[in-house]
Amino acid sequence: MIDKKQIIKDYKLQKQPAGIFAIHNLADNKMFIGTSKNLPSSLTRFEFTLKMGSFPFQGLIDDYKKLGEQNFEVKVLDELEIKDETEQEIDGELKTLEEMWIEKLKMEGVTFYNKK
C-alpha cells in the first residue's frame, strides 16, 4: 500500500534546485530576472502568470501580448549547489549571484523589466 504521508514528507525533504532565472524578450533583448529557492516551481508559476496576464510587471505583460509567446523564453541562468547552507546563507548567495548576472547582462546590452 502506498503511504501518501511518507511520499509527501519525502518530497518536502528533497532539496529543490535554487538559482537565477529569466524571462527573456528575444525581440527587444529585455529581461525579467529573479531568484528562487525552487526553480522548477518558480518557472512554472511565472510561465503560467505571464500567459494568464497576471504577471506582476505590466510592461512585461504588454510586451508579451504585443509580441507573442514565440518571442519570449523562460530560462535558468544559473543554479546554486546547495549543501548544508542555512536559509540566510542561501538568500545571500542568491542575491550575490543575481547582482553578478545583472552586471554581466547589462554589459551585453540587456535592459530589465524589474531591475535598474
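In helix H2, the residues Leu-39, Ser-42, Leu-43, Phe-46, Thr-49 and Leu-50 are buried (under 20% relative accessible area with a 1.4 Å probe, protein chains only; exposed is over 50%, partly exposed in between). Looking down the axis of H2, the buried residues fall within an arc of 140°, so they line one face of the helix (the arc is taken over directions from the axis to the C-beta atoms). This is a predicted model, with local features needing pLDDT of at least 70 and side-chain atom pairs pLDDT 80 or more, while totals for chains, interfaces and linings use all residues. Residues count from 1 along each chain as its sequence is written, and side-chain values use heavy atoms, leaving out hydrogens and water.

**More on H2**
- Over on the other side of H2, Thr-44, Phe-48 and Met-52 are exposed.
- The buried residues of H2 pack against strands S1 (18-25), S2 (30-36) and S3 (72-80), plus helix H3 (58-67); contact here is heavy atoms within 4.5 Å, and helices (H or I, at least four residues) and strands (E, at least two) are DSSP runs numbered from the N terminus.
- Just after H2, Gly-53 takes a positive phi of about 75°.

**The sheet**
- Four strands make an open, mixed sheet in the order S3-S1-S2-S4, where pairing takes at least two DSSP bridges between two strands.
- S3 and S4 (111-112) stand at the edges with a single partner strand each, so one side of each has no neighbour in the sheet.
- S1 and S3 pair in the antiparallel sense over eight bridges, and Ile-23 stands opposite Val-74 in S3.
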